[in-house]
Amino acid sequence: MTKKLLLIIALLCAFAQGALAQNSWEEVYALTQTTSGDWTAINSGSTSGHTLGSTGNTTYYYVNSNLSFTNSNVGGSGLTIRGTVYLYITSGTTLTCTGANASGTTGGGAGIELTEGNTLCLIGSGTVNATGGNAANGGNGGNGDNSNFEYNHYCQPGSGGAGGNGGGGAGAGIGTHGGNGGNGGAGGAANRDSDEGTNLGVAGSAGSAGATAGSMGTLYVNMSISVNVTGGSAGTGGTGGNRGYNAAEDPGNQISASGGGGGGAGGGGGFANNIGTGGPGGGG
């Protein structure tokens, strides 16, 4: 399955090429044309994710102690970027961002969520670790009903089982969260019009396709930053449901009925790029 990777990694983010170490605030102020009043410290981590910046604005943040942003909410990203964000990681400092795993049809979160229209500039000489959430497995198809049978009275077909839902896709290390999985189709409800009449089978409905992940925004990484990124892994497909039991009258009546067919398996969510788009949702 092809994924679209929208990634711009530049060596500098509007910086002079010669000053890469960025070991002092004076260098940072000069290179970003800012003052100390423009910068906001990030002093504490979070287990429910965190958002930096705001849409349409340029903001400046710095980290000077080891921090971790994870997300315990299904599908939530560890750190979310809005607008244009400059993030300064000081020397010897590690920032760790981890997205939540997908669950059911909900896609997994990104380690650092960076969607189209937003920009992240990573500067400094510290370390950034970003890990996306893993995809969810596809749901199992439902079992078909047994035929509805009572000797010498009725012999009617069984209804079909519902299809399994698709699993949500994985989240990118830096990029977008996973697409949602599709819904499984409904099983066909058997016609049972009379005690011994002719009851034709009824088809179930089709499941829906899983959603693709959104496009990534713009990422600039200074050479001195150490960036370790891992996209979430793919889920596995579910299993199809079992068909129901058939039934038949004695040879004299020659009446029979079929059990309902089993529902189809839901597809597992797709894997994500390390940097780029999240994984697609599995089909129902």
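## Helix H1 and its end

Directly after H1 comes Gln33, which has a positive phi near 55 degrees; helices (H or I, at least four residues) and strands (E, at least two) are DSSP runs, numbered from the N terminus. The structure is a predicted model, in which local features need pLDDT of at least 70 and side-chain atom pairs count only at pLDDT 80 or more, while totals for chains, interfaces and linings use all residues. Residues are numbered from 1 along each chain as its sequence is written, and side-chain values use heavy atoms, with hydrogens and water left out. With a relative accessible area of 76%, Gln33 is exposed, where exposed means over 50% relative accessible area, buried under 20%, and partly exposed in between (1.4 Å probe, protein chains only).

In H1 itself, residues 25-32, the buried residues are Val28, Leu31 and Thr32. They span an arc of only 85 degrees around the axis, which places them on the same side of H1; the arc is taken from the directions that run from the helix axis to the C-beta atoms. As a general point, an α-helix has 3.6 residues a turn, so residues three or four places apart point the same way. Glu26 and Ala30 are exposed residues on the face of H1 turned away from its buried side. Strand E1 (39-41), E2, E4 and E7 are included in what covers the buried residues of H1.

## Overall make-up

The protein chain contains 1 helix and 16 strands, and 46% of its 284 residues are buried. Of the contacts (heavy atoms within 4.5 Å) between residues at least 6 apart in sequence, 77% join residues at least 24 apart. The chain exposes about 12,500 Å², of which carbon and sulfur atoms supply 45%; accessible areas come from the Shrake-Rupley method with a 1.4 Å probe, and for residues only the protein chains shown count as cover.

## Nonpolar cores

A nonpolar core is a set of buried Ala, Val, Leu, Ile, Met, Phe, Trp, Tyr and Cys residues joined through side-chain atoms within 4.5 Å. The largest such core has 26 residues, and Leu79, Leu87, Ile112, Leu120 and Leu219 touch the most other members. At least two residues of this core come from each of strands E2 (50-63), E3 (67-70), E4 (79-89), E5 (94-98), E7 (119-124), E8 (127-131) and E12 (218-221). E4 gives the largest share of this core, 5 residues. Apart from it lies another core, of 7 residues, among them Val28, Trp39, Tyr86 and Tyr88.

Once neighbours within four places in sequence are set aside, the contacts of Ile112 include Leu79, Ile81, Cys97, Leu120 and Val128. Ala130, Gly173, Ile174 and Gly175 are also among the contacts of Ile112.

## Aromatic residues

Across the whole structure, 7 aromatic pairs are found; rings of Phe, Tyr and Trp (its six-membered ring) pair if their centres lie within 6.5 Å, and planes under 30 degrees apart count as stacked, over 60 as edge-to-face and the rest as tilted. One of the pairs is the edge-to-face pair of Trp25 and Tyr62, with 4.9 Å centre to centre and 85 degrees between the planes. This pair links distant parts of the chain, since Trp25 in helix H1 and Tyr62 in strand E2 are 37 residues apart. Trp25 is partly exposed, with a relative accessible area of 26%. One aromatic cluster is formed by Trp25, Tyr29, Trp39, Tyr60, Tyr62, Tyr86 and Tyr88.

Thr90 belongs to the loop between E4 and E5 and is buried, at a relative accessible area of 14%. A polar contact of 2.9 Å joins the side chains of Thr90 and Thr93; a polar contact is a pair of N or O atoms within 3.5 Å, of which, within protein, one must be able to donate a hydrogen and the other to accept it, and residues adjacent in sequence count only if both atoms are side-chain atoms. A polar atom of the Thr90 side chain also lies 3.1 Å from the backbone oxygen of Val63.

Arg243 sits in the loop between strand E13 (226-230) and strand E14 (247-248); its side chain makes a polar contact of 2.6 Å with the side chain of Ser258, and a polar atom of that Arg243 side chain is 3.1 Å from the backbone oxygen of Gly259. Gly166, in the loop between strand E10 (154-156) and strand E11 (174-175), counts as buried at 1% relative accessibility.
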